[in-house]
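Please open the model in your viewer and follow the stops below in order, selecting each group as it is named.

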Amino acid sequence: MAANGNGEFSFGKGTARKGLAKIQTAASQKKQSAICHDDSTPPVKAQTIDELHSLQKKRSAPNTPIKGTQGSFSPLSDEARQKQQLQSISASLASLTRETGPKVVRGDPARKAETPKFAADPGDHFSFTPTISVSDSSLKFTHVLYNLSPAELYEQAIKYEKGSFIASSGALATLSGAKTGRSPRDKRVVKDETTEHELWWGKGSPNIEMDEHTFLVNRERAVDYLNSLDKVFVNDQFLNWDPQNRVKVRIVSARAYHSLFMHNMCIRPTPEELENFGTPDFTIYNAGQFPCNRYTHYMTSSTSIDLNLARREMVILGTQYAGEMKKGLFSVMHYLMPKRQILSLHSGCNMGKDGDVALFFGLSGTGKTTLSTDHNRYLIGDDEHCWGDNGVSNIEGGCYAKCIDLSREKEPDIWNAIKFGAVLENVVFDEHTREVDYSDKSVTENTRAAYPIEYIPNAKIPCVGPHPKNVILLACDAFGVLPPVSKLNLAQTMYHFISGYTALVAGTEDGIKEPTATFSACFGAAFIMLHPTKYAAMLAEKMQKHGATGWLVNTGWSGGSYGCGSRIKLPYTRKIIDAIHSGSLLNANYKKTDVFGVEIPTEVEGVPSEILDPENTWADKQAYKETLLKLAGLFKRNFEIFTNYKIGKDNKLTEEILAAGPNF
Ligand SMILES: Nc1ncnc2c1ncn2[C@@H]1O[C@H](COP(=O)(O)OP(=O)(O)O)[C@@H](O)[C@H]1O
Ligand SMILES: C=C(OP(=O)(O)O)C(=O)O
Ligand SMILES: [Ca+2]
Ligand SMILES: [Mn+2]
């Protein structure tokens with residue numbers, strides 16, 4: 001009542017007349033009418049409840065362009081465009097053995113009144129007259145929920161998906177089902193005449209082969225499953241902020257959770273871009289609730305994530321873990337980009353006020369997201385980037401942060417990003433207050449938050465930047481023998497990049513077990529498609545050309561191995577990273593370490609000097625030496641598979657890289 005049209009509070013003249021009209025004297029009341037009104041505001045402009053409800057929602061672009069509203073950018077009529085879009089979706093969902101795609105209609109089947117009058121012509125390949133011999137599936141409509149907004153997806157999730165709740169921060173908390181992490185052993189890649197020669201196969205490779213026919217069997221299984229549902233979600237979005245190398249992706253999924261996750265993680269098209277979207281470059285069929293058939297050739301479990309580069313398609317069966325889609329697309333980029341001489345990187349990336357860019361490489365849990373999200377710098381992205389002739393570009397439109405033990409104090413920007421629109425996976429919360437307990441690992445240790453990058457206050461939009469100045473390799477060394485920071489020469493940078501070391505701590509139960517070393521080539525062996533040396537050669541060439549400095553930062557243990565020592569404090573790691581960014585560390589005094597032969601600084605501002613050399617922090621010097629040699633041995637053994645490869649055209653560099661490993 002006291003609010004004007006802008007929703008602001010005001011004490012205007014009209015307010016005095018209207019707002020205070022409730023207090024009336026008996027005399028004035030008498031003058032107006034004998035009936036006592038309970039409110040003097042005008043009545044609603046509706047005759048029925050249904051009419052009232054229809055007033056609540058204004059028709060709008062972009063997702064459902066309607067005649068007469070804004071958002072018509074192309075010369076096509078709205079109806080023709082909508083029909084074209086539905087036909088494209090029908091083609092995506094088509095069985096490969098039947099002659100036509102399914103009958104798709106737009107909108108929620110629960111809202112019959114809102115279902116548009118036109119459906120896609122089922123004969124999207126050619127004109128087709130239905131005969132009596134068609135199966136039941138062709139009699140049924142597939143309802144498509146196309147590029148819904150976060151608010152609409154919240155409603156879908158809360159209404160229809162068990163385990164979906166609004167957390168007190170406003171984020172959508174949900175469960176990913178039985179799988180709470182990726183399933184790399186269930187990934188399959190179609191081996192055909194082309195990929196047989198192009199891709200990395202065999203020992204160490206993430207690409208486990210499958211044939212084209214088996215792919216089609218799984219594709220049909222996924223498509224039939226999706227078409228059997230009342231409704232499917234379709235996201236049409238982009239990958240890569242470099243406009244010249246943008247990739248159009250379509251994600252067909254059965255859960256609002258998956259649609260919201262990809263809405264956050266991929267680049268969101270503007271209404272105009274969406275109208276001109278056309279045919280996608282790549283399509284994911286996510287039928288994660290439905291298992292693969294164990295009798296199918298090549299299947300070793302009920303989960304299968306299948307990539308077909310020739311068809312530009314990915315099929316997901318038997319896992320609802322949303323990270324599969326994000327990292328599946330990353331694999332595709334690891335194939336497409338190097339073909340264009342663009343290096344794809346499993347790294348975070350940020351930029352200082354002066355335009356100095358840093359890359360953060362590292363395996364899961366080593367700190368890419370945490371350290372690239374830095375309040376004093378612009379965030380370009382937390383996980384997947386491209387490095388081309390013009391500089392760096394983020395592949396994604398969002399971030400995917402680990403939330404175990406998340407603290408508002410240590411990671412304020414991530415904490416604040418977990419608000420309305422963000423997806424919270426597998427966290428535990430108070431059933432009443434809906435307050436999340438980030439220390440609770442009851443569902444999984446791998447609790448996650450996915451949010452659009454603009455939820456980080458100093459995100460750099462568009463997410464592109466100039467050539468990197470620093471290349472930071474992160475390792476979470478649970479052995480506790482790698483220094484908190486070391487400076488690397490180019491050959492050492494390449495040696496550590498190809499090695500891709502981190503250590504996992506053993507299961508937290510049953511007392512303390514040995515940390516386990518993991519080596520994952522290019523800090524992302526699970527996602528690379530070509531031989532690691534291809535990416536390494538490109539990185540070496542780019543670092544050399546642009547004069548980038550390599551660093552190895554241990555975000556893991558100090559003062560002993562896991563169980564004895566403790567994890568290096570995040571504020572110390574941040575100080576180290578600050579000194580790299582500012583350039584002050586480049587000019588510090590260094591000493592060379594034994595065994596790994598890297599340069600370690602004697603001082604870093606804000607970090608106790610004694611921890612810079614790990615030997616100082618171990619009480620048992622003999623144990624330190626033995627652990628160091630043990631880790632060095634593991635490095636050596638891992639590198640054996642690469643000794644017969646040449647890195648780039650430069651024989652000299654290859655020899656230097658081979659010599660850049662530990663010496664003992
Ligand atoms: N010294 C440290 N440096 C970086 N991260 C640390 C450190 N100590 C603890 N952590 C925690 O380790 C985790 C790193 O995970 P994250 O940044 O998500 O890794 P990534 O993005 O590489 O998978 C975060 O939960 C962070 O709070
Ligand atoms: C999403 C993932 O990435 P990260 O742990 O590196 O953030 C993943 O590896 O599944
Ligand atoms: Ca990652
Ligand atoms: Mn991350």
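Begin with ligand 2 and arginine 182, where a side-chain N or O atom of the arginine is 2.6 Å from an oxygen atom of the ligand, a polar contact being a pair of N or O atoms within 3.5 Å. This is a predicted model, in which local features need pLDDT of at least 70 and side-chain atom pairs count only at pLDDT 80 or more, while totals for chains, interfaces and linings use all residues. Residues are numbered from 1 along each chain as written, chains are lettered from A and ligands numbered from 1 in the order written, and side-chain values use heavy atoms, without hydrogens and water.

Next select lysine 327, which places a polar side-chain atom 2.6 Å from an oxygen of ligand 2, and then lysine 368, whose side chain has an N or O atom 3.0 Å from a ligand 2 oxygen. Of the 290 Å² that ligand 2 exposes when taken alone, the protein buries 95% (accessible areas by the Shrake-Rupley method with a 1.4 Å probe).

Move on to ligand 1, which is surrounded by 16 residues, with Gly365, Lys368, Thr369, Thr370 and Glu411 the closest (near means a heavy atom within 4 Å).

Notes:
A polar contact is a pair of N or O atoms within 3.5 Å; within protein, one must be able to donate a hydrogen and the other to accept it, and residues adjacent in sequence count only if both atoms are side-chain atoms.
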